[in-house]
Amino acid sequence: MGRTNSVWLVAIYTDLEHKDLFKIIDFHSLREIAYCLDCHIYDVSNFYHKISKAKGKFLNIEIYKSL
């Protein structure tokens with residue numbers, strides 16, 4: 001299994017109900033998302049895979065993977 005050329009999309013919302021979309025930003029890796037959010041890559045990965053619940057910075061965002 002190798003790397004794929006996928007794009008990670010981060011949707012930023014202004015409210016906690018995720019109804020008012022502020023901006024969508026695209027990234028090439030989870031590492032880039034972690035750098036932008038100033039957190040560890042495993043926090044981003046756990047949030048994306050729904051291992052941990054949303055808290056702190058992750059309350060107003062959603063992460064999608066585009067193939």
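This passage describes the fold, surface and selected residues of a predicted single-chain model. Residues are numbered from 1 along each chain as its sequence is written, and side-chain values use heavy atoms, with hydrogens and water left out. Because the model is predicted, local features need pLDDT of at least 70 and side-chain atom pairs count only at pLDDT 80 or more, whereas totals for chains, interfaces and linings use all residues.

Two helices and three strands make up the secondary structure of the chain, arranged along the sequence as β-β-α-α-β. The radius of gyration is 12 Å, close to the 11 Å of the globule rule for 67 residues, so the chain is as compact as a globular protein of that length. This radius is taken over C-alpha atoms, and the globule rule is 2.2 Å times the number of residues to the power 0.38. Helices (H or I, at least four residues) and strands (E, at least two) are DSSP runs, numbered from the N terminus. The C-alpha trace spans about 35 × 20 × 20 Å along its principal axes.

Of the 67 residues, 24% count as buried; buried means under 20% relative accessible area, exposed over 50%, and partly exposed in between, with a 1.4 Å probe and protein chains only. The accessible surface amounts to about 5300 Å², with 55% of it belonging to carbon and sulfur atoms. These areas come from the Shrake-Rupley method with a 1.4 Å probe, and for residues only the protein chains shown count as cover. Among contacts (heavy atoms within 4.5 Å) between residues at least 6 apart in sequence, 39% join residues at least 24 apart. The chain carries 9 positive and 8 negative charges, whose mean positions are 7 Å apart. Lys and Arg count as positive and Asp and Glu as negative, while His and the chain ends are not counted; each charge is placed at NZ of Lys, CZ of Arg, CG of Asp or CD of Glu.

Phe-27 belongs to strand β2, residues 21-27, and is buried at a relative accessible area of 9%. Beyond residues up to four places away in sequence, Phe-27 touches Val-7, Trp-8, Val-10, Glu-32, Ile-33 and Cys-36. With neighbours within four places in sequence left aside, Ser-6 is in contact with His-28, Lys-65, Ser-66 and Leu-67.

No disulfide, defined as a pair of cysteine sulfur atoms within 2.5 Å, is found in the whole structure. The sulfur of Cys-39 is 9.9 Å from the closest cysteine sulfur, in Cys-36, and this is too far for a bond. Cys-36 is exposed at 53% relative accessible area, and Cys-39 is partly exposed at 21%.

Most residues other than glycine have a negative phi. His-18, in the loop between β1 (7-13) and β2, has a positive phi of about 60 degrees and is partly exposed, with a relative accessible area of 22%. Lys-50 is placed in the loop between α2 (41-48) and β3 (61-66). The phi of Lys-50 is likewise positive, near 60 degrees, and Lys-50 counts as exposed at 71% relative accessibility.
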